[in-house]
Amino acid sequence: EIPGYTLLDPGTNLHMTGSVQELDLESYRLEITGKVETPLSLTLEDLRCMPKIETDNPLECPGFFIDHAEWAGAPLAQVMEMAGIQDGAEKISMISADGYERSLDLNIALRPINFLAYEWNGEPIPILHGFPVRAIFPEEYGGVWAKWLIRIEVE
């Protein structure tokens with residue numbers, strides 16, 4: 001059962017936002033495109049093989065809710081380094097499987113605390129909350145934490 005928008009999911013104690021997407025793990029790829037030297041097509045396993053970042057920073061959607069959980073995943077800056085950001089790039093756009101898109105200044109996106117989460121409280125991220133990958137930006141509000149992430153375009 002899917003809770004209504006911004007309502008609490010009793011199974012996780014996280015609030016619900018977005019349109020739930022069920023992505024097939026075998027065919028899942030996170031595409032890194034745009035102003036990069038080497039476009040990437042990463043599997044979840046590729047991300048899991050990278051160094052792991054963990055945080056328990058709250059996820060805040062001002063005026064709606066604050067959620068507390070432990071998140072873990074691969075450093076976004078390292079993924080961007082693998083792709084090789086081209087001169088003149090200014091931002092990234094994160095595109096989710098549900099059509100949600102969020103842009104962020106490149107200087108903010110490349111902070112070492114930001115990562116691509118694949119774990120929630122030591123387990124795979126639940127489908128309702130972004131499985132297999134969601135963006136985590138501990139210093140930004142929840143609207144930037146894109147779920148069901150399928151592409152990051154460097155612009």
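Here is a short tour of a predicted model, one selection at a time. Local features need pLDDT of at least 70 and side-chain atom pairs count only at pLDDT 80 or more, while totals for chains, interfaces and linings use all residues. Residues are numbered from 1 along each chain as its sequence is written, and side-chain values use heavy atoms, with hydrogens and water left out.

**Stop one: Gln-21.** Select Gln-21, in the loop between β2 (14-15) and β3 (30-34); strands here are DSSP runs of E, at least two residues, numbered from the N terminus. Now bring up Ala-97, Asp-98, Ile-127, Phe-131 and Trp-148, which Gln-21 contacts (heavy atoms within 4.5 Å) once neighbours within four places in sequence are set aside. Then try Leu-128: 107 residues from Gln-21 in sequence, with the two C-alphas 7.6 Å apart.

**Stop two: Ser-93.** Jump to strand β9 (residues 91-96), where you'll find Ser-93. Is Ser-93 buried or exposed? Ser-93 is buried, at 1% relative accessibility; buried means under 20% relative accessible area, exposed over 50%, partly exposed in between (1.4 Å probe, protein chains only). Show Ser-103 too, since its side chain makes a 2.7 Å polar contact with that of Ser-93 (N or O atoms within 3.5 Å, one able to donate a hydrogen and the other to accept it; residues adjacent in sequence count only if both atoms are side-chain atoms). Beyond four places in sequence, Ser-93 also touches other residues, including Arg-102, Arg-151 and Glu-155.

Pick Cys-49, exposed at 62%, then Cys-61, buried at 15%. The structure has 0 disulfides (cysteine sulfur pairs within 2.5 Å).

Conventions:
Helices (H or I, at least four residues) and strands (E, at least two) are DSSP runs, numbered from the N terminus.
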